[in-house]
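This note concerns the aromatic rings of the structure shown below. The points are numbered so that each may be checked in turn.

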Amino acid sequence: MCGIVGYIGNKNSVPILIEGLKRLEYRGYDSAGIGVINGKIGSFVKSKGKVSVLEEKSAADGIEAKIGIGHTRWATHGEPNEINAHPHFNEEKSLFLIHNGIIENYNVLKTGLKKLGYKFLSETDSEVLVHLIDSYMKKDHGLFQAVRLSLNQVEGTYGIAVISTKEPNKIIVAKKGSPLVIGIGDDENFIASDVNALIAHTSQVVYMEDDEIAEINADSFRAKSIHDKDIEKEIHDVEMNLDEITKGGYPHFMLKEIMEQPEAVRNSLRGRLLLDEGIARLGGLQGFADRLANSKRIIITACGTSWHAALVGEYMLEQFAGIPVEVEYASEFRYRNPIINKDDALLFISQSGETADTLAALKEAKRRGALVLGICNAVGSSIARESHAGVYTHAGPEIGVASTKAFTTQLSVLALITLLIARKKHVSIVDGKEIIKEMQQIPEKIEKILQMNDEIEKIAENFVDSTNFLYLGRGYNFPVALEGALKLKEISYIHAEGYPAAEMKHGPIALIDENMPVVFIAPTDSVYDKVISNIEEVKARKGIIIGIASENDNKIDSLVDYSIKIPDTIRMLMPILTVIPLQLLAYHVAVKKGLNVDQPRNLAKSVTVE
Ligand code: M6R
């Protein structure tokens, strides 16, 4: 989704802004722009398409300035073109604004501003804000006050940055519902919608909260609430290094992140498994674990891949903790009238911690007095901060739009939470120890599967021209079928559907002919024989079968066209292994189709608008 960067200091801001925007490219965007102030002169450059085009244009224009703001736009209101790209500006081109989010009452505001004589160039909701601020400045308000008063008139969500030639030594930023971080440097300061864009310059950050506004100068900053109360902000240290957000020799972030999974899962588990006691230790849930274990129902809410992880969590928690679990799409949950009882616990899963629907669902549950717990990857993200307590997955930055290591680490954390609760309830120390021993072996088993990369790449060659795919699995592997299908469709644009294997007979079987590839997730577990029967049914109709099977399974080979054999583990952990070949399959099909794997069309890494 849209990205924001900004710089104020003694260096030329333009290369810093361009570099920051490049670091935000992974979020998904369709146009970009920068606005800068040099003394009393303001200028801007915008372009449709990639940041590299913007870079060439700004080099050709030769602009240089010590204060600037930059933006990548993911179109919501108005098509992707230069006019709709940010920054937006006032008639005199003395005021420049970039905005993430949606101004819901923009039509009302626009009508009022038009009556005052304001002319609009773009089709965006964002442009009303720059004219609104301008109207307050014309009434002799300073920039900070003009922004603050304007925001009091706005309904909707925003992360904004504003600069003006009238007050050329400051950037004003404000946040509501869209992330915004200030980076603190030495006689220079930065802003960004995502710490990834800052860490090349500083590890000291200040997280803006909703309804806060700040003035940033080269050597200081001050914050207030938009209702004019002074606020003391804390400076945090971010533990992230540049290597984590570069491709490190891989052709794509997605492949790098798939390959990082052994280490990512190790990091998720590190220090959290107490073998002697057969239990998990989760510092982030301290003070809340008993409440969670005693809850009468757990509702897990998420979107996309995180929602698939939640479904696996449902199987885990119901099997081992004996607590009924419901899994909800955040977007549905927030707009229903969900029944939340006092004994319920709500768990919100989000890689980015910024997904608008998940965040809104969390706030609604919190407003109703529920216990809200988060499972997030991005440290300091909105969901992590809004939750009463939670667990970080420690996967490290995930840049590829298609979630890979986020999923396997979410499953690892769900397994840890399950173990923690299960041991507080009826699971014995002996069984707890068995689970831990299996968990400890998972990273090595992932490594083993990753060694099959070349083999999976060869299988992928056969499916470059496929137009449909079916993914089937049962029990714990049904959510993996959904996840495999999502991976393929989002990066290769091949239509794919995931189903519980037995549901095939109730409809999808009609689709099967000699052109339909069907991926079966069929490890040797308690439902293996049933899945084999489903494989037979597909074979009888000449479907092309890819089987993800256990390494000691020799029976399946005669039934499938391609088999990928993987190590076994206990059922609850199997999805962490079975998903890996599906990630690689999707990756190689997309690469062979020549597609942009890391930034698939129309998609954004973090969906920060509804
Ligand atoms: O950051 P989140 O985990 O909240 O994101 C949720 C979904 O947008 C995300 O999982 C999406 O489905 C992935 N791109 C799929 O690979």
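1. Two rings of Phe, Tyr or Trp count as a pair if their centres lie within 6.5 Å; planes under 30 degrees apart are called stacked, over 60 edge-to-face, and the rest tilted. The model examined here is predicted. By this criterion, the structure holds nine aromatic pairs.

2. One of these pairs joins F44 and F96, with 6.3 Å from centre to centre and 50° between the planes, and is tilted. F44 belongs to strand β3 (residues 41-48) and F96 to strand β6 (residues 95-100), so this pair ties together parts that are 52 residues apart in sequence.

3. F96 also pairs with F89: the ring centres are 6.4 Å apart and the planes stand at 55°, so this pair is tilted.

4. F44, at 27%, counts as partly exposed. F89 is buried, as is F96.

5. Which residues form one aromatic cluster? The members are F463, F469, Y471 and Y562.

6. K110 lies over the face of F120, at 5.1 Å from the ring centre.

Note on methods:
Residues are numbered from 1 along each chain as its sequence is written. This is a predicted model: local features need pLDDT of at least 70, side-chain atom pairs count only at pLDDT 80 or more; totals for chains, interfaces and linings use all residues. Side-chain values use heavy atoms; hydrogens and water are left out. Rings of Phe, Tyr and Trp (its six-membered ring) pair if their centres lie within 6.5 Å; planes under 30 degrees apart count as stacked, over 60 as edge-to-face and the rest as tilted. Helices (H or I, at least four residues) and strands (E, at least two) are DSSP runs, numbered from the N terminus. Buried means under 20% relative accessible area, exposed over 50%, partly exposed in between (1.4 Å probe, protein chains only). A charge sits over a ring if NZ of Lys or CZ of Arg is within 6 Å of the ring centre and within 35 degrees of the ring normal.
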